[in-house]
Amino acid sequence: MDVYGAEHHLMILSDAIDADVHQHTFLQMTLALDSPFEMEIEGERVTSTGIIIDSQVSHSLNGHGQPLLLLLMDSTTHLAQSFKPFINGNKYYPFSEERFVSVIPFIQKEYSNIQDSDSYHQFLAKLLALLEVPYLRPEVSDSRITYLINLLESCYEHDHSVGSYADQLGLSSSRLSHLFKKSFSKNSRIAQAHFAAMALPRIIFKTR
């Protein structure tokens with residue numbers, strides 16, 4: 001089993017993924033690397049090679065012992081919001097097999113090359129591009145907050161404290177917190193998720 005984690009999502013590649021009926025707050029994408037898998041979603045039986053399930057939707061999964069890729073995303077983040085147009089208010093969205101012509105060979109060839117944070121994020125970016133998922137960046141008018149977001153997305157150090165970023169911007173911690181939340185006033189939950197990330201290290205790990 002390979003597990004790759006960050007503050008807002010978790011990616012798992014394994015041939016031992018089975019789960020009884022459950023639900024969670026994550027938006028979930030499941031991709032088959034070999035043959036179709038079976039799920040039961042809100043009592044409906046579904047056979048698919050790739051599917052997106054909205055948060056708080058009950059489901060079970062039978063992977064039949066074949067390798068699967070799971071991407072579990074905090075539903076308040078922009079990464080998860082990038083998948084929302086596919087679901088379009090429904091409980092789930094099955095990918096068409098045509099979309100997988102280049103996706104599955106890419107995963108099979110490249111996922112073993114993930115060795116660190118940089119290679120992981122490159123893999124994820126390419127995967128999203130092949131799936132034609134438009135990653136939605138926050139709409140921010142304050143240049144200081146735009147600069148902060150760029151720092152967060154490009155930094156893989158362990159010190160993600162509010163104070164360390166406030167010092168770089170020449171602001172107090174309380175002022176930076178106020179500006180950040182003000183910039184995301186239309187969606188306070190996304191603001192909280194992004195701002196909380198500054199207090200957490202980016203964690204990328206791999207197990208077998």
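**Entry 1: serine 75**

I start with a cut-off: a residue counts as buried when its relative accessible area is under 20%. I'm working on a predicted model, so that stays in the back of my mind throughout. I looked up serine 75 and got a relative accessible area of 15%, so serine 75 is buried. I found serine 75 in the loop between S9 and helix H1 (78–81).

What does serine 75 touch, not counting residues up to four places away in sequence? I got Thr25, Ser55, Ala80 and Gln81.

**Entry 2: the whole protein**

I stepped back for an overview. I have eight helices and ten strands here. Of the 208 residues in the protein, buried ones make up 50%. For the accessible surface I noted about 10500 Å², with 49% of that belonging to carbon and sulfur atoms.

I also looked at how far along the chain the contacts reach. Taking contacts between residues at least 6 apart in sequence, I see that 70% join residues at least 24 apart.

Next I picked strand S4, residues 26–32. Is S4 mostly covered or mostly open? It is mostly covered, with six of its seven residues buried.

I followed the pairing on to strand S9 (residues 68–74): seven bridges join S9 to S4, and the two run antiparallel. Strand S7 (residues 50–53) is also antiparallel to S4, through four bridges. In S9, methionine 29 stands opposite leucine 71; in S7, its bridge partner is isoleucine 52.

**Entry 3: the cores**

Methionine 29 turned up again when I looked at the largest nonpolar core, which has 31 residues. The residues with the most contacts inside this core are Met11, Met29, Leu31, Phe83, Ile107 and Leu127. I then asked which elements supply at least two residues each. My list reads strand S2 (9–14), S4, S9, H1, helix H2 (84–87), helix H3 (103–110) and helix H4 (117–130). H4 gives the most, with six residues.

I took a closer look at isoleucine 107. Not counting residues up to four places away in sequence, isoleucine 107 touches Leu13, Leu31, Leu33, Leu69, Phe123 and Leu127. I also noted a second, separate core of 15 residues, which includes Val3, Ile41, Leu61 and Leu68. A reminder to myself: in soluble globular proteins, nonpolar side chains tend to be buried together.

**Entry 4: glutamate 40**

I went to strand S5 (residues 37–41) for glutamate 40. Its relative accessible area is 22%, so I wrote glutamate 40 down as partly exposed. Leaving aside neighbours within four places in sequence, I find glutamate 40 in contact with Arg45, Ser58, His59 and Ser60. I also checked valine 21, which is 19 residues away along the chain: the two C-alpha atoms are separated by 7.8 Å.

**Entry 5: helix H6**

Last stop, helix H6, residues 162–169. Which of its residues are buried? I listed Val162, Ser164, Tyr165, Ala166 and Leu169. Just after H6 I came to glycine 170, which takes a positive phi of about 70°.

Notes. Residues numbered from 1 in each chain as written. Predicted model: local features only at pLDDT ≥ 70, side-chain atom pairs only at ≥ 80, totals over all residues. Heavy atoms only, no water. Buried < 20%, exposed > 50% of the residue type's maximum accessible area, 1.4 Å probe, protein only. Pairing = 2+ DSSP bridges. Contact = heavy atoms within 4.5 Å. Areas by Shrake-Rupley, 256 points an atom, 1.4 Å probe, with all protein chains shown as cover. Core = buried A, V, L, I, M, F, W, Y, C linked by side-chain atoms within 4.5 Å.
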